[in-house]
Every structure is written in C-alpha cells, then in structure tokens.
Amino acid sequence: MAFNSKDFSVMAYANGFTLWNYASADKLAAVKGTGYFNETAPFVRKGDMILTVANNAAAIESAILSVENVGDGSVSVSDMTTAAVSTPAS
C-alpha cells in the first residue's frame with residue numbers, strides 16, 4: 001500500500017514543532033521505509049514527531065517516528081521507540 005493523507009493529522013503544534021498522528025493498514029516496516037512520507041514534505045519539518053499506528057487491520061504495530069530530513073520532496077524518518085505489539089486480551 002502507500003501513504004494515505006487522510007490518515008495523517010496534526011495532534012499538537014508549538015514553537016515550530018508539530019506532533020503528527022498517522023494510522024495505516026501498512027506494516028510498520030513499510031511505513032518506516034524510504035520515501036513513504038514524501039507526500040508530507042510541504043508540511044513536516046526536521047524534528048517533528050509522528051505517532052504511528054501501523055498494521056491496524058491486524059496486530060497493531062506502534063512507533064514514535066522522528067522526521068530526520070526534509071528536502072526536495074523527500075522525507076526521511078527514524079524510529080525513536082518501537083512500542084510492543086498490541087495483542088488482544090484473552
């Protein structure tokens with residue numbers, strides 16, 4: 001699959017920093033992949049954080065991503081903290 005702008009939203013903004021939220025059915029490995037967030041280049045800044053809920057159609061994979069670089073229509077992110085995979089309570 002690919003990035004879906006409808007699932008990308010601002011949670012908080014202050015002093016030039018934006019905290020974003022992104023939810024996707026894509027697996028976390030794909031979301032962290034090269035070029036996945038390129039469509040956001042006009043909006044994100046280096047240092048912004050993206051709270052990510054990936055693979056939300058199955059076993060949820062959560063992560064806090066940091067925007068590492070933005071330039072010429074490309075965005076790179078790094079995984080600051082990968083949260084434990086969520087499993088339903090039995």
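Both F3 and F8 are buried in this predicted model. Between them, F3 and F8 form an edge-to-face aromatic pair, with ring centres 5.5 Å apart and an angle of 70° between the planes. F3 also pairs edge-to-face with Y36, at 6.2 Å centre to centre and 85° between the planes. This second pair links distant parts of the chain, since F3 belongs to the segment before β1 (8–14), whereas Y36 lies in the loop between α1 and β3, 33 residues apart. F3 counts as buried because its relative accessible area, 12%, is under the 20% limit, and Y36 is buried with a relative accessible area of 10%.

| Aromatic pair | Geometry | Centre to centre | Angle between planes |
|---|---|---|---|
| F3 and F8 | edge-to-face | 5.5 Å | 70° |
| F3 and Y36 | edge-to-face | 6.2 Å | 85° |

The count of aromatic pairs comes to 10. Ring pairs join F3, F8, W20, Y22, Y36 and F37 into a cluster.

**The nonpolar core**

Which residues have the most contacts inside the largest nonpolar core? They are F8, Y22, F37 and I50, in a core that has 17 residues. Two or more residues of this core come from each of β2 (17–23), α1 (28–31), β3 (49–54), β4 (61–71) and β5 (74–82), and β4 gives the most, with three residues. F8 itself, leaving aside residues up to four places away in sequence, touches F3, W20, N21, Y22, F37, T40, V44 and I50. Among these contacts of F8 are Y22, F37 and I50, which are also listed with F8 for the most contacts inside the core.

**Strand β4: S66 and V67**

V67 is placed in strand β4, and S66 is found in that strand as well. V67 counts as buried because its relative accessibility of 1% is under 20%; S66 is likewise buried, with a relative accessible area of 9%. When residues up to four places away in sequence are left out, V67 touches V44, R45, K46, G47, D48, I50, V75, S76 and V77. With the same exclusion, S66 touches D48, S76, V77, S78 and M80. For V67 and G35, which are 32 residues apart in sequence, the C-alpha to C-alpha separation is 12 Å.

Is V10 buried, exposed or partly exposed? V10, which lies in strand β1, is partly exposed, with a relative accessible area of 48%.

Most residues other than glycine have a negative phi. N15, although not a glycine, has a positive phi of about 50°, and D72, also a residue other than glycine, has a positive phi near 50°. D72 is placed in the loop between β4 and β5. N15 counts as exposed because its relative accessibility of 82% is over 50%, and D72 counts as exposed at 87% relative accessibility. The C-alpha atom of D72 is separated by 22 Å from that of V10, and the two residues are 62 residues apart along the chain.

Conventions
Residues are numbered from 1 along each chain as its sequence is written. This is a predicted model: local features need pLDDT of at least 70, side-chain atom pairs count only at pLDDT 80 or more; totals for chains, interfaces and linings use all residues. Side-chain values use heavy atoms; hydrogens and water are left out. A nonpolar core is a set of buried Ala, Val, Leu, Ile, Met, Phe, Trp, Tyr and Cys residues joined through side-chain atoms within 4.5 Å. Buried means under 20% relative accessible area, exposed over 50%, partly exposed in between (1.4 Å probe, protein chains only). Helices (H or I, at least four residues) and strands (E, at least two) are DSSP runs, numbered from the N terminus. Contact means heavy atoms within 4.5 Å. Rings of Phe, Tyr and Trp (its six-membered ring) pair if their centres lie within 6.5 Å; planes under 30 degrees apart count as stacked, over 60 as edge-to-face and the rest as tilted.
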